[in-house]
Amino acid sequence: MSRLTRTLSAVVVAAAGLVAVPVPAAGADPVPVDVPAVQGPVPGTVPGDPKAPEVDGTYPWMATDVDLAKAGYVEQEFYVSGKADGYSTAGARVGEDVPYRTRIIVRRPADPARFNGTVLAEWQNVTAGYDLDALWSPEQLMREGYAWVGISAQRVGVNHLRTWSPARYGELDVTGGGQFNADELSYDIYAQAAKALRSPSGVRPLGPLKVRTLLAIGASQSAGRMTVYYDQVLPQTEAVFDGFANLVGTAPSRKGSEPVFHVLSETDVRTPARRADDDRYRRWDVAGTAHSGWNGQQYRKSILDRDLGAAPTYDCDQPPFSRVPLHHVITAAYGHLTRWIHRGVQPPTAPPLEFNADGTKARDEHGLARGGIRLSQVEVPTALNTGDNSGETFCRLFGTHVPFDEAKLNALYPSHGRYVKAVAESDARNVRSGYLLPGDARQNLLDASRSDIGKN
């Protein structure tokens, strides 16, 4: 049945208070995903005033402050509008052809020759009450030539945008005028926005880039939404994405056609129970990392100071923000996922984090987690980095970072050369294992050589 012929039933469903539309029977044709209208790029750049009365006097929420031009990248924002179907978390269709209007933000190579062919379509995280591009790690993504697209699919994020800059975002709505306030439309909106990235007609958000691989990526709460999409919605709709990267959150339980890469920080691994790896699912646990660690917090601080007036601060029970770079492993995973899709080359497996008989995480003499992927910051430690913390609001997600004192460092590393050699050997093992990219290993080695470790 076409969307056009389903319009009347959509009205009936909405009027009846979200009564579910029957799920198509097994073997039925998948519900098509529409290509939405795209407008833009939207004018206005930093510096500007979010409250300016005209759009061109404003700028995009959380516009990056990285020097994109130096890296050969551009940032552009677009409006995306159309009609979306609504789904419950159980996959029941609860609305059809509901008008919506949202935005996407694109960071891409200016020169197609620098593009590696893979687009990372991030479901923007809204746990903090606003859109958060949690998976934009500029150093790695620009070095490797990815295009990154942030998609605003949820009510909380879009409503914050409307308030933050009425001229720029005041007409956005992902609730059908208030009919669908539990993000029922988010799954179809996300898929439609992603489908627009491949559309050969109309406004092309990626400019001259030709998309070879389209990955759905999402962190934490967004990974949870993507899990619902994959398990409950995707079986009855047109496939848009080539693969899924569910990060620091849940992952699908269904075995589908599209491969799923599941990367968890130490924070996120609560029990030894886990889904077994197979030819469509891979899970990596990364020792010493936090759900939300140092790298992302440092990147966003100046941007949130600009856009919110001040970045949030936290009073945690332990010094927060593990500095073990989970984003290094995540970027490596994107490459494996792309090869898995196109060449059928399955990613390497990784050992799980280890647990004691009483259900607690096993730790070594330094207090560091045992098992899992062990980056050089864990294998050659200069601090206690864990995924655990407690205290107010989000502290439990930040992990800990407690530098070792001078006496302990001197005992561990009698000379600077030994320390640097140990870092290089650890990183070389992780590069060979496929957990770390050579570019990040080089930077680790440079950082180690510039440090004072072992010089006393």
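Me: Leaving aside its neighbours within four places in sequence, which residues is Gly157 in contact with?

Reply: The model is a predicted one. In it, Gly157 is in contact with Val126, Tyr130 and Asp131, once neighbours within four places in sequence are set aside. Contact here requires heavy atoms within 4.5 Å. Gly157 and Gly129 are 28 residues apart in sequence, and their C-alpha atoms lie 6.3 Å apart in space.

Me: Why does Gly157 count as buried?

Reply: The limit for a buried residue is under 20% relative accessible area. Gly157 has a relative accessibility of 0%, and therefore counts as buried. Gly157 is found in helix α4, residues 155-164.

Me: What makes Gly44 buried?

Reply: The relative accessible area of Gly44 is 15%, which is under 20%, so Gly44 is buried. Gly44 lies in the loop between β1 and α2. Not counting residues up to four places away in sequence, Gly44 touches Val55, Asp56, Thr58, Tyr59, Pro60 and Arg168.

Me: What is noted about phi of Phe321, and is Phe321 buried or exposed?

Reply: Phi of Phe321 is near 80°, a positive value in a residue other than glycine. Phe321 has a relative accessible area of 12%; the limit is under 20%, and Phe321 is therefore buried. Phe321 lies in the loop between α8 (294-308) and α9.

Me: Why is Thr393 called exposed?

Reply: The term exposed applies over 50% relative accessible area. Thr393 has 57%, so Thr393 is exposed. Phi of Thr393 is near 35°, a positive value in a residue other than glycine. The place of Thr393 is in the loop between β10 (383-386) and β11 (400-403).

Me: Why is Arg374 called buried, and what does its side chain approach?

Reply: Arg374 has a relative accessible area of 18%, and because the limit is under 20%, Arg374 is buried. A polar atom of its side chain lies 3.0 Å from the backbone oxygen of Gly371. Arg374 is found in the loop between α9 (326-343) and α10 (376-379). Leaving aside neighbours within four places in sequence, Arg374 is in contact with Ala287, Asp364, Ala369, Glu379, Ser426 and Asn430.

Me: How do you know that α7 is mostly covered, and what covers its buried residues?

Reply: Of the 13 residues of α7, 10 are buried. These are Ser222, Ala223, Arg225, Met226, Thr227, Val228, Tyr229, Tyr230, Asp231 and Val233. The cover over them includes β2 (73-87), β4 (118-123), α6 (186-196), β6 (213-219), β7 (243-247) and β8 (260-265).

Me: How does the reach of helix α7 compare with the span expected?

Reply: Helix α7, residues 221-233, reaches 17 Å from its first C-alpha to its last, close to the 18 Å expected at 1.5 Å a residue.

Me: Which residues touch the most other members of the largest nonpolar core?

Reply: Ile104, Tyr190, Phe241, Phe244, Val263 and Tyr334 do so, in a core of 105 residues. Apart from that core lies another, of nine residues, among them Phe404, Tyr419, Val423 and Ala448. In soluble globular proteins, nonpolar side chains tend to be buried together. Tyr334 is in contact with Leu120, Leu135, Leu141, Tyr146, Leu215, Ile217, Ala245 and Leu247, leaving aside its neighbours within four places in sequence.

Me: How many cavities of 30 Å³ or more are counted, and which residues line the largest cavity?

Reply: The count comes to one cavity of 30 Å³ or more. The largest cavity has a volume of about 30 Å³. Its lining consists of Trp61, Met62, Arg103, Ile105, Arg107, Gln124, Asp131 and Asp133.

Notes. Residues numbered from 1 in each chain as written. Predicted model: local features only at pLDDT ≥ 70, side-chain atom pairs only at ≥ 80, totals over all residues. Heavy atoms only, no water. Helix = DSSP H or I, 4+ residues; strand = E, 2+ residues; numbered from the N terminus. Buried < 20%, exposed > 50% of the residue type's maximum accessible area, 1.4 Å probe, protein only. Core = buried A, V, L, I, M, F, W, Y, C linked by side-chain atoms within 4.5 Å. Expected span 1.5 Å × (residues − 1). Polar contact = N/O pair within 3.5 Å; in protein donor to acceptor, adjacent residues only side chain to side chain. 1 Å grid on protein atoms, 1.4 Å probe; cavity = no way out; pocket = protein on both sides within 12 Å on 5 of 7 lines; lining within 4 Å. Points joined across faces, edges and corners; volume = space filled by probe spheres on them.
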